[in-house]
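This report concerns the structure shown below. Please keep the sequence and the coordinates in view while reading.

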Amino acid sequence: MPGRCPVTAPTTAPAVDEGDLLAHFDALVAAGETIEPRDWMPDGYRRMLVRQIAQHAHSEIIGMQPEGAWLTRAPSLHRKSVLIAKVQDEAGHGLYLYSAAETLGVDRAALLDALHRGQQRASATFNHPALTWADTGAIAWLTDGAAVINQAPLCRTSYGPYARAMRRVCQEEAFHVRQGYDLMRALCEGTPEQKAMAQDAVNRWWLPAVALMFGPPDTEAGGADARTAALGAAVSRRAMAWGIKRHTNDELRQRFVDSCVPQAERLGLTLPDPAIRWNEERGHYDFTPIDWDTYREALGDDTHWARQRIAHRRAAHEDGAWVREAAAAYAARTDGTGGEDE
Amino acid sequence: MSGTREGAPASWEVFLRSRRGLAHQHVGSVRAAGPDAALAAARDLYTRRGEPLSLWVVRSDAVHTASPDERDPYFAGARHKPYRYPEHFAPLTEKGPEGEHHE
Amino acid sequence: MSITSDAPVVRRPDPLPGEQPSAAPDLARYLLRLGDDALVLGQRLCQWITRAPTIDEDLALSNIALDLIGHARALLTRAGRLDGTGRTEDDLAYGRSDREFTNALLTELPNGDFAATVARQLAYTHYAVLSYETLAHCADPDLAAFGARAAKEVAFHRLHADRWTVTLGRGTEESARRMRDGLERVWPYTAELFEEDEVVRRLAASGTVPSPAPLRETWLGRVTEVVTEAGLTVPTPAWSATGGRSGLHTEEFGPLIAELQSVRRQFPGGTW
């Protein structure tokens, strides 16, 4: 049985000089230095990181499903290769992130269990079904596009292993967005039926991307009602003070809308929000504010698909239990060296 | 939720030489029952792009560390020795040691 | 063979320098077989992704599938140029009917449980390494280069299959039983990989590509070594399946191809 990992497992700090430790921690964060696994860190910081990294990892794993369902139906061998590579990257990103989470003293098997039991969640973005081939393009262009904007600042997040994992993730995500745009462009340049399929997919994926990929509204300018804004803003402030987050949800959301509108125009697709228009004064595109109701609508919480994603994941895990047991039994017999130990 | 649970595969630290001229660099970890499975998992996870040259996996519990807790006794000697750095000394004048001239 | 009426308009690629249309119908058919093997097995492995026993295994199986689709693309492209029809990889993958596919039946067998998939991988990868190695020595420099590259990639897939065969065989009682069942299930389909017919004999006689028949002994020696290390025995089935090379497939093949081609067939004249 492996012991706790000495490279990465956190230490328990002596309670005596917690004030000094906190001051040292705050000074490191303020100076833009990274916090490393064996550094002392406040419990709240550790908990927020575990929650955020786990949710991100789970989203990558659950996010494999809507696109994975189209692997066998990709309409050209080139597109099939690209989609396999993309779904594979998602598995990889999930694993990078579980690896980062483990440096905080949690076990990845326990994180997966929490996902399977509904104690931890993946992004609700993927509680929506991928109904046509064009959905694979819309997911990549819009939700991965949102992810890149969301995640780019995380490459400089204060926790070292998370920042390093995110640098790998971001390098690879850029390919996802480009290929999604390329896929949509091919459809838009194809037959009228293909273009209609592309527009339909954008109609269905815009709201999940713009609402859910950035989290709930957290500024008044984001259009939220006062209570939601206050709640969201408090969480964001905490995360920003710790250097986990670098920008508010609404700031990143605006950045996303600003980048998407001209791309949609180039594709000849309409984003399904009549309020989108250039605001000269602000120097940004206006769009329908993500108020709490809009957000809830996008959530698709406890729907057929929300349940289906977890059921699919759980079935894979349970069907594979005997394989994992066999691997453990074989390793125990050979002492993990490949040689027989009996 | 902390610690390694009973029956979970071991944790392995992964080191990759991503191109010629570089040392192996720590890139993350994988979970795997044995060394062959760990190498295969590390290969699939960390070498999907580029021209990687070599991969090491080391069981995480086999790595011994000098951690920040022990920083004072361990690394204290590294500080306060300014004479280990070239900046401590006067810059070389225009005449180099081999008699090179900048004209 | 014909292109079905709803296939997209074919743009004929420029023939390679010094290449006559239909110059090598036998070689075209041979490459089409190898390409169909890779395509169909790759398609089967795609069905595993998001359903594997671990996420690491999702990654491993998708890596293998990706290589196989790559092999299929190279081989189908080449076959389409050599058979004189100028069909592209996609014309061949998406424009043929079930009966026009010439993969060995082994590659189309449903995934079954993980052990059955490992057994299928064991049989295929040991065969494919040998087969691509012979291609690596053929006179055509492009084909030889492809064969050398593909042999290397499949050699990694073979390591994966070997490791899992031994792990499952020597793991738990349940995994050993499943591995044994998996081997029993796929073994009747292995003989077809080494079959000789007129196409293969003519290619061998002209010195273009050697016959796969003599590879069987090496193949059997290698898989026996692995299966023995797994604590199991190589099955000796009382019957052998055949027919894939002449387009006679299993009933499970129809849905596989229907799924592969469904989007493309729904959008006639589409560009992708």
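**Contacts of chain C**

The model is a predicted one. In it, 40 residues of chain A are in contact with 42 residues of chain C. Six helices of chain C each bring two or more residues to the side that touches chain A, namely H1 (25-46), H2 (55-82), H3 (89-95), H6 (141-169), H7 (173-186) and H10 (253-266). Of these, H2(C) contributes the most, with 12 residues. By residue class, this side of chain C comprises 17 nonpolar, 15 polar and 10 charged residues.

Chain C also touches chain B, in a contact that takes 6 residues from chain C and 7 residues from chain B. On the side of chain C that touches chain B, the elements giving two or more residues are H2 and H6 of chain C. Here too H2(C) has the largest share, with 4 residues. This side of chain C is made up of 2 nonpolar, 2 polar and 2 charged residues. The table sets out the two sides of chain C.

| Side of chain C | Residues of chain C, by class | Residues from H2(C) |
|---|---|---|
| Touching chain B | 2 nonpolar, 2 polar, 2 charged | 4 residues |

**The nonpolar core**

The largest nonpolar core has 186 residues, and those touching the most other members are Ala101(A), Leu111(A), Ala138(A), Leu31(C), Ala65(C) and Leu106(C). H2(C) gives the most to this core, with 15 residues. When residues up to four places away in sequence are not counted, Ala101(A) touches Val50(A), Ile53(A), Ala54(A), Ala57(A), Val106(A), Arg108(A) and Leu111(A).

**Trp219 of chain C**

Trp219(C) lies in helix H9 (residues 215-229) of chain C. Why does Trp219(C) count as buried? Trp219(C) counts as buried because 20 C-beta neighbours lie inside 10 Å, and the cut-off for a buried residue is 20 or more. Beyond four places in sequence, Trp219(C) is in contact with His126(C), Tyr127(C) and Leu130(C). Trp219(C) and Leu130(C) are 89 residues apart in sequence, with a C-alpha to C-alpha separation of 7.7 Å.

**Chain B**

Chain B contains 2 helices and 3 strands, which follow the pattern β-β-α-β-α along the sequence. It has 103 residues, of which 27% count as buried. Among contacts in chain B with a separation of 6 or more, 39% join residues 24 or more positions apart.

The 3 strands form an open antiparallel sheet in the order E2-E1-E3 (chain B). Strand E2 (25-32) and E3 of chain B are at the edges with a single partner strand each, so one side of each has no neighbour in the sheet. From one strand to the next, the twist averages 30 degrees. Strand E1 (residues 10-17) of chain B pairs with E3(B) over 6 bridges in the antiparallel sense. Arg17(B) stands opposite Ser54(B) in E3(B).

The mean pLDDT of chain B is 82, with 79% of its residues at 70 or more. Within chain B, confidence is highest in strand E3 (residues 54-59), at a mean of 96, and lowest in helix H2 (residues 71-75), at 72. Over residues 99-103 of chain B, pLDDT stays under 50, and the model has 2 contacts beyond four places in sequence for them. Where pLDDT is low, predicted coordinates should not be read in detail.

Technical notes. Residues numbered from 1 in each chain as written. Chains lettered and ligands numbered in written order. Predicted model: local features only at pLDDT ≥ 70, side-chain atom pairs only at ≥ 80, totals over all residues. Nonpolar A, V, L, I, M, F, W, Y, C, P; charged D, E, K, R; others polar. Core = buried A, V, L, I, M, F, W, Y, C linked by C-beta atoms within 7 Å. Buried ≥ 20, exposed ≤ 12 C-beta atoms within 10 Å, placed from the backbone. pLDDT = per-residue confidence, 0-100. Pairing = 2+ DSSP bridges. Axes fitted to C-alpha atoms, helices over the stretch in contact; angles between N-to-C directions.
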